[in-house]
Amino acid sequence: MYPARAIVDLAAIRNNIKVLKKAAHHAEVMAVVKADAYGHGIVPVAKAALEAGATWLGTAQASEALKLRAAGITPDQARILTWLHAPSAPYAELINADIDVSAANLGALDLIAEAARAAGKPAKVHVKVDTGLGRNGVMPHDLPEFAAKAAQYQNEGVMDVVGVWSHLAYADEIGHPTVARQLEVFDMDIETLRAAGLNPTVRHIANSAATLLNPEMHFDLVRPGLAIYGYSPVPTVKKPSDFGLIPAMTLEAELATVKHVPAGTGVSYAHKYHTPQATQLGIVPLGYADGIPRHASGSNEKPGAPVEVGEGEHRRLKTIAGRVCMDQFVLDLGPDATEQAGDTVTLFGPSDGVLDSETGELLPAAIRGNLPNAEDWASAAGTISYEIFTRLGNRIPRIYVNE
Ligand SMILES: *Cc1c(COP(=O)(O)O)cnc(C)c1O
């Protein structure tokens with residue numbers, strides 16, 4: 001009944017996992033399904049990823065990991081790691097559900113040990129080390145003390161330190177000096193843990209970019225997110241098809257209204273756009289409450305994000321006219337438009353993009369003239385494709401095809 005939908009092609013998800021599995025060689029693949037699988041829907045995406053050969057699932061939040069187990073994904077089907085915990089984390093519940101937990105500070109080790117005693121079984125712990133991202137993780141100078149305590153708990157039988165892991169600051173910039181530096185620190189950190197008597201056998205540091213571009217970073221397990229959803233982690237260097245990736249989501253809406261207006265009509269709040277001629281306006285029933293970025297608004301000076309309207313030979317791109325509102329935005333369909341209320345418009349979909357042969361930059365859909373993708377929306381809104389998917393609101397139904 002909602003006048004818009006996000007169609008998620010699970011065959012594309014399976015294809016993309018296979019591409020990543022091949023790129024990862026001997027390393028296992030963890031499908032990163034945090035943030036509701038980047039807005040695609042955590043349970044269907046996780047199941048499709050496992051079917052295609054992923055053996056691990058990763059989430060930022062404990063609640064997301066528990067949701068996977070609650071949906072019937074058993075420890076035989078997938079190991080699950082969850083990594084971003086405040087002291088309030090439900091560690092006992094996670095341990096009981098056979099979910100691996102990350103620890104990034106001494107306080108977390110104490111809480112995990114306490115929860116494991118209560119649960120009556122050891123926690124499986126991955127030590128998160130900060131090798132240079134400057135975000136969560138144990139700093140090298142704090143690691144000896146952390147490792148000693150973890151070893152003490154391991155000897156006590158309340159935890160198994162199964163993994164050590166980190167995250168890169170510049171994975172998407174091939175050859176950036178910090179990448180080599182982080183790798184050195186990672187190796188030293190692994191030595192520090194070993195010196196304390198720990199033997200973490202699951203070492204992991206690679207996101208999508210490092211999985212696809214940097215075999216040195218694969219270790220035992222890779223953690224791709226974006227590429228699972230079919231987008232290039234280096235959009236200005238390679239497009240999805242250069243890797244064999246297929247964008248999985250199509251976001252479409254039904255026009256709520258189409259109406260004739262005279263030249264000079266001010267459109268939407270604050271009239272940032274005035275119709276240059278007598279024309280027809282189409283009202284699209286999606287707005288910033290649905291995750292359509294307000295920064296994707298358009299004016300007469302600066303076109304907004306692109307939308308494909310029309311069918312067959314009438315297919316063409318229009319850009320958002322005027323401000324994006326909470327529940328809706330407006331397109332100037334042109335004087336001769338034949339669209340009617342109820343017709344479908346596509347905000348973005350499985351389009352590959354085209355790299356400009358001279359500059360190597362991704363050509364906007366408005367210039368290349370085909371279906372926009374989330375990358376086009378990201379550039380129109382001054383952000384990255386990740387933010388376009390993850391902000392899509394819950395009220396947009398997700399429809400799954402090729403299950
Ligand atoms: C989100 C995330 C990933 C996946 O990153 P992509 O760039 O989407 O491949 C991997 N590891 C961690 C820790 C993350 O937070």
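Which backbone oxygen does the side chain of His218 reach? In this predicted model, the side chain of His218 lies 2.8 Å from the backbone oxygen of Thr211. The views below begin with this residue.

View 1. Leaving out residues up to four places away in sequence, His218 touches Ala23, Ala24, His25 and Ala27, together with Arg203, Ala210 and Thr211.

**View 2. Crossing of helices α1 and α3.** Helix α1 spans residues 10–23 and helix α3 spans residues 42–51. Their axes come within 8 Å and cross at roughly 45°. The two helices are therefore oblique to each other. The crossing of α1 past α3 is right-handed. On the α1 side the contact is made by Leu10, Ile13, Arg14 and Ile17, and on the α3 side by Pro44, Val45, Ala48, Ala49 and Glu51. Of the residues in this contact, seven are nonpolar, two are charged and none is polar. An α-helix has 3.6 residues a turn, so residues three or four places apart point the same way.

**View 3. Helix α12 and its two ends.** Helix α12 covers residues 374–381, and seven of its eight residues are buried, so the rest of the structure largely encloses this helix. The buried residues are Ala374, Glu375, Asp376, Trp377, Ala378, Ala380 and Ala381. Just after the helix, Gly382 has a positive phi of about 70°.

**View 4. Ala103 in strand β5.** Strand β5 comprises residues 100–103 and includes Ala103. With a relative accessible area of 0%, Ala103 is buried. Apart from neighbours within four places in sequence, the contacts of Ala103 are Ala108, Leu109, Ile112, Val125, His126, Val127, Lys128 and Phe146. Val161 is 58 residues from Ala103 along the chain, and the C-alpha atoms of the two residues are separated by 9.8 Å.

Technical notes: Residues are numbered from 1 along each chain as its sequence is written. This is a predicted model: local features need pLDDT of at least 70, side-chain atom pairs count only at pLDDT 80 or more; totals for chains, interfaces and linings use all residues. Side-chain values use heavy atoms; hydrogens and water are left out. Axes are lines fitted to C-alpha atoms, for helices over the stretch in contact, and angles run from 0 to 180 degrees between N-to-C directions. Helices (H or I, at least four residues) and strands (E, at least two) are DSSP runs, numbered from the N terminus. Angles under 35 degrees count as roughly parallel, over 145 as roughly antiparallel, 65 to 115 as roughly perpendicular and the rest as oblique. A crossing is left-handed if the near helix is turned anticlockwise from the far one by less than a right angle, and right-handed if clockwise. Contact means heavy atoms within 4.5 Å. Ala, Val, Leu, Ile, Met, Phe, Trp, Tyr, Cys and Pro count as nonpolar, Asp, Glu, Lys and Arg as charged, and the others, Gly among them, as polar. Buried means under 20% relative accessible area, exposed over 50%, partly exposed in between (1.4 Å probe, protein chains only). A polar contact is a pair of N or O atoms within 3.5 Å; within protein, one must be able to donate a hydrogen and the other to accept it, and residues adjacent in sequence count only if both atoms are side-chain atoms.
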